[in-house]
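This report covers salt bridges and a sheet. Look over the model first.

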Amino acid sequence: MPQGFKRGSAPNEPGWTNCIFCGKPVGKAERSRERVIPMWMLRATGDPNRVIKIESDPITGADVVRPASTFHFPACKPCNEKYGKTLEARAKNAIESLMAGKSLAVARCYWLLDWLDKVRVGLWLGYNMLHKEEFAPKFRIDQRIGIKDRVAIVSVDPDDRTTGFALGGMDNQIFRTSQAGMYLKINNLRILSLSFDGFVSRYAGMPFPKEVLALSENLEASMAMMEKTDYRVKQDWKAFDVPGATIIAQSSFWLANCSDDETFDMYINETTIPRFRRIPRIRKRADLEQFVRTHLISNATGSFGYHPNPRQKLRFGRAKDNTDWHFMRSLYALFIREVLPLNPKRVVDPDGTRRGALVRLISQPVHLVGHSSEAPF
Ligand SMILES: [Zn+2]
């Protein structure tokens with residue numbers, strides 16, 4: 001069997017009375033409502049009770065509309081309180097600072113990335129729930145915050161006084177299957193949020209997937225042939241470059257993927273340890289069940305680099321072409337250039353034999369038109 005890692009799996013619980021965060025079943029009495037598009041954001045961008053376009057009907061193409069404040073999903077009370085008090089409050093704080101044209105400390109950039117993970121996964125779960133098709137997600141929000149490589153491309157326009165928000169990039173097969181990326185506009189702020197296994201590792205100087213293979217005994221599982229680089233942040237983030245906008249990114253990996261000495265040495269050595277926010281400790285088996293994240297990477301200072309100091313302030317730029325269209329085009333270009341190659345195209349047998357073309361859900365056509373960004377909510 002070739003070297004590599006298997007992707008982690010999470011409980012698979014059907015039924016829509018499950019908490020959107022933790023996936024545990026919640027009875028009516030202890031159920032609360034989680035608004036994937038939070039009330040503070042609805043209030044900051046207009047009348048919170050306004051009717052918004054949720055999506056286009058996949059068959060007729062007609063707008064599916066409903067009051068924004070009713071776009072909510074079941075959550076258990078402990079989760080809703082935990083996320084409301086910490087993540088939601090922190091995100092509000094970070095986004096208000098950005099909208100006011102202020103710099104953001106590195107520590108607060110992590111809040112922003114966490115919140116974008118939450119919104120992206122929440123919308124993905126929400127859209128799939130709305131479609132009433134059989135849908136048994138492999139993970140919920142809890143299992144996806146800060147776990148995969150992630151990037152936010154942020155543009156702030158200090159002169160834009162308009163209000164409103166828009167979402168885009170969700171009516172395509174890549175989002176439907178993997179929630180790999182979305183576009184979000186909040187007043188004068190434009191953000192592309194993307195996350196996928198191994199998405200930025202090669203640019204972060206971390207071991208990266210050279211080829212991803214599906215396992216013949218379970219086509220839902222995949223493994224990657226890993227290759228290492230020189231552990232330095234690269235400057236060639238061309239595919240991510242939206243000129244003028246600021247990129248913040250973080251690479252991460254799952255310790256349980258270090259199932260042999262070679263992959264362990266690839267990830268955990270004197271070069272990489274200083275880059276992790278916390279030095280991983282492995283004393284018992286359960287310690288392998290953790291994700292290890294690098295420091296924040298950004299181009300805020302003019303070139304790409306790690307930001308180990310959580311108090312360092314980063315300034316965010318304005319994209320030269322600061323239009324919804326330009327951001328949507330960049331999102332789809334990233335899907336095609338950076339996300340699709342990270343999906344398995346070949347199958348590997350237990351004896352290591354590789355076999356040709358694999359037809360996967362994600363290979364269905366990607367719709368390059370018809371995004372929802374021209375219809376501000
Ligand atoms: Zn919960």
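Lys234 is partly exposed, at 21% relative accessible area. Here buried means under 20%, exposed over 50%, and partly exposed in between (1.4 Å probe, protein chains only). Asp230 is partly exposed too, at 42%. Their side chains form a salt bridge, 2.6 Å from N to O. The term requires a side-chain nitrogen of Lys or Arg within 4 Å of a carboxyl oxygen of Asp or Glu.

## Basis

The model is predicted: local features need pLDDT of at least 70 and side-chain atom pairs 80 or more, while totals for chains, interfaces and linings use all residues. Residues are numbered from 1 along each chain as its sequence is written, and side-chain values use heavy atoms, without hydrogens and water.

## A buried pair

The structure holds 14 salt bridges. One of them joins Asp117 to Arg150, with the closest N and O atoms 2.9 Å apart. Asp117 lies in helix 3 (residues 106-130) and Arg150 in strand 7, 33 residues apart. Helices (H or I, at least four residues) and strands (E, at least two) are DSSP runs, numbered from the N terminus. Asp117 is buried at 1%, and Arg150 is buried at 2%. Asp114, Asp117, Arg120 and Arg150 are linked in a salt-bridge network.

Seven strands form an open antiparallel sheet, ordered 8-9-10-7-13-16-17. Pairing takes at least two DSSP bridges between two strands. Strand 8 (165-168) and strand 17 (305-307) are the edges, each pairing on one side only. Strand 8 pairs with strand 9 (residues 181-186) over four bridges. Phe165 has Ile186 in strand 9 as its bridge partner.
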